[in-house]
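Please keep the sequence and the structure in view while reading.

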Amino acid sequence: MLVKRLFWLIQQLIPPLLLSYFYAAWKICRYEVGPLLVKQYNLPTIARIYTPLPTILIGTITIHYLRLYFLPSTQSVPPHDPALAIRSQLKIFECLAPSEAGTICRANNEPVDGMEDVPLVDRCWKGRCGGRWKPARTRHCSQCGVCRGGFDHHCPFFANCLTAAYIPTFLSLLLYTPPSVVLLSLPLYSPMYHRALAAYTLSHTSENIRTYWWDWTPSWIIAGGPVGRFVGGLILGWRELDRSEDDGGGVMRLGVGLMVGFGLILALVTAGLATSSISLLLNGNLTIDQGRHSAHSRTIASIQKLVKQNRSIPQKLEDDLLKFSDRAYFFVPFENHSSYGPEGQSEGTSREEVVDDHGDIPEVLRGDNESGNDGGVVRRGVIVPALPEERPYDLGRTRNWEIVMGPRWSWLLPWKALSPVLREDIFDWPISESVEKRLRGEAERRRRVLFGVEG
Ligand SMILES: [Zn+2]
Ligand SMILES: [Zn+2]
């Protein structure tokens, strides 16, 4: 609980700190680096080109950042109940495994018999969800206390959830940052490097710094090891150097040096994140899928190890196995509605009529246990599990990309990146064509077995 509180507090601090950094960087670039190019390097043309850059580049980054930071708390939250097409069982959709549905029925003292092909949709009872529908690829964010469709991860950098709908904004932010940092601090790299060398030398010649830092043994520990000790010495030397000059170091002062250094770290981090995000997206994964997949593999490995050693498997591992499993179950409607029940029962029922009949099905889908002449349950389809090696939401690299980012490269235009490509579709992820074909084939096979259809 305390850790969670602390994490929450840090998260609240990061955005204002980052925004202050953006503002300070803009001010320095706009009012100090531009004039430096004219005064020190005598490059008036370059200075003229450079002058509007801080506003354009830092402005673009800030707008993207604010967009993610100020996303409303209801962003990507699914509706309380599934769409009519799902409630009426007219389309393929992800549902609970029959075993889970059975557990829920038993817990509610409801009959389990004949329920094996009645699909229950997943619902969330955590946080503020209160039984909200959990469509495919929806996850509950414990930080925000709600479920979000297309959940990718909760990002501490903007203290908000990242969902598939806002990946274009996020990715643009990640991709704009490194070139902006490099371009804006380019005039400073060489002089800053020389300044750092001078500061480092001074730190070793200064009596004070030698006594209180370099010869002081705890400096190896309190700064976090040799790298920290080096950075600490450098900062002390730099401060001393600034103090020795009338203008306090001017644009070469320690504060600007630290900002350039932080900018470089930011550029590296965002470039790394952009690369991994693009690779995940192309493979049809969201960050959470990757995390869950690793957790699942780790659990399997631990269980295998215990089995080999002939030791019993703790309940926790078994629970984890179930929790991290990405095995999906799909309700697959029968293609031809006239044959979904015992012979002749629903002859001539068109899809439209089915919708009308069940237009306001009150709770999940269980109201559909219409009795046929023989008192049995009418089956509109069957529940088919995805195969372990099947990846229903991997539609191939091009489609994976286009679903989230939109067609071609338009997402790179700053104003395009601000509006989500996925809107309501975020609660209705398409299934890979090959998986859908296999599911439908399997449903048809079962239908024939169930109703004894020949051929
Ligand atoms: Zn939830
Ligand atoms: Zn969140």
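In helix 3, residues L53, P54, L57, I58, T60, I61, H64, Y65, R67 and L68 meet T169, F170, S172, L173, Y176, T177, S180, L183 and L184 in helix 6. Two residues count as in contact if their C-beta atoms, placed from the backbone, lie within 7 Å. By class, this contact of helix 3 with helix 6 has 12 nonpolar, six polar and one charged residues. Here Ala, Val, Leu, Ile, Met, Phe, Trp, Tyr, Cys and Pro count as nonpolar, Asp, Glu, Lys and Arg as charged, and the others, Gly among them, as polar.

The model is a predicted one, in which local features need pLDDT of at least 70 and side-chain atom pairs count only at pLDDT 80 or more, while totals for chains, interfaces and linings use all residues. Residues are numbered from 1 along each chain as its sequence is written, and chains are lettered from A and ligands numbered from 1 in the order in which they are written. Helices (H or I, at least four residues) and strands (E, at least two) are DSSP runs, numbered from the N terminus.

**Helix pairs**

Two packed helices are described by the angle between their axes and the distance between the axes. Axes are lines fitted to C-alpha atoms, for helices over the stretch in contact, and angles run from 0 to 180 degrees between N-to-C directions.

| Helix | Partner | Angle | Axis distance |
|---|---|---|---|
| Helix 3 (residues 53-69) | Helix 6 (residues 167-205) | roughly 155° | within 10 Å |
| Helix 1 (residues 2-39) | Helix 10 (residues 254-282) | about 120° | 11 Å |
| Helix 7 (residues 207-214) | Helix 9 (residues 226-243) | about 155° | 11 Å |

The axes of helix 3 and helix 6 cross at roughly 155°, which makes helix 3 roughly antiparallel to helix 6. Angles under 35 degrees count as roughly parallel, over 145 as roughly antiparallel, 65 to 115 as roughly perpendicular and the rest as oblique. The crossing of helix 3 past helix 6 is left-handed. A crossing is left-handed if the near helix is turned anticlockwise from the far one by less than a right angle, and right-handed if clockwise.

Helix 1 and helix 10 pack at about 120°, and this angle makes helix 1 oblique to helix 10. Helix 1 also passes helix 10 in a left-handed crossing. Y21, A24, A25 and I28 in helix 1 meet V256, M259, F262 and G263 in helix 10. The residues of this contact divide into seven nonpolar, one polar and no charged.

For helix 7 and helix 9, the angle is about 155°, which makes helix 7 roughly antiparallel to helix 9. Helix 7 passes helix 9 in a right-handed crossing. Here I209, W213 and W214 in helix 7 meet G232, G233, L236, G237 and E240 in helix 9. This contact has four nonpolar, three polar and one charged residues.

Three strands form an open sheet in the order 1-8-9, with antiparallel pairing. Two strands pair if DSSP finds at least two bridges between them. Strand 1 (93-95) and strand 9 (381-385) are the edge strands, each pairing on one side only. From one strand to the next, the twist averages 40°. Strand 8 (residues 329-333) pairs with strand 9 over five bridges, and Y329 stands opposite P385 in strand 9. Helix 16 (residues 433-451) lies across strand 8 and strand 9, at about 130° to strand 9.

Elsewhere, strand 6 (residues 151-155) and strand 7 (residues 160-163) run antiparallel and are joined by four bridges. F151 stands opposite T163 in strand 7. The hairpin of strand 6 and strand 7 has four residues between the strands, and A159 takes a positive phi near 45° there.
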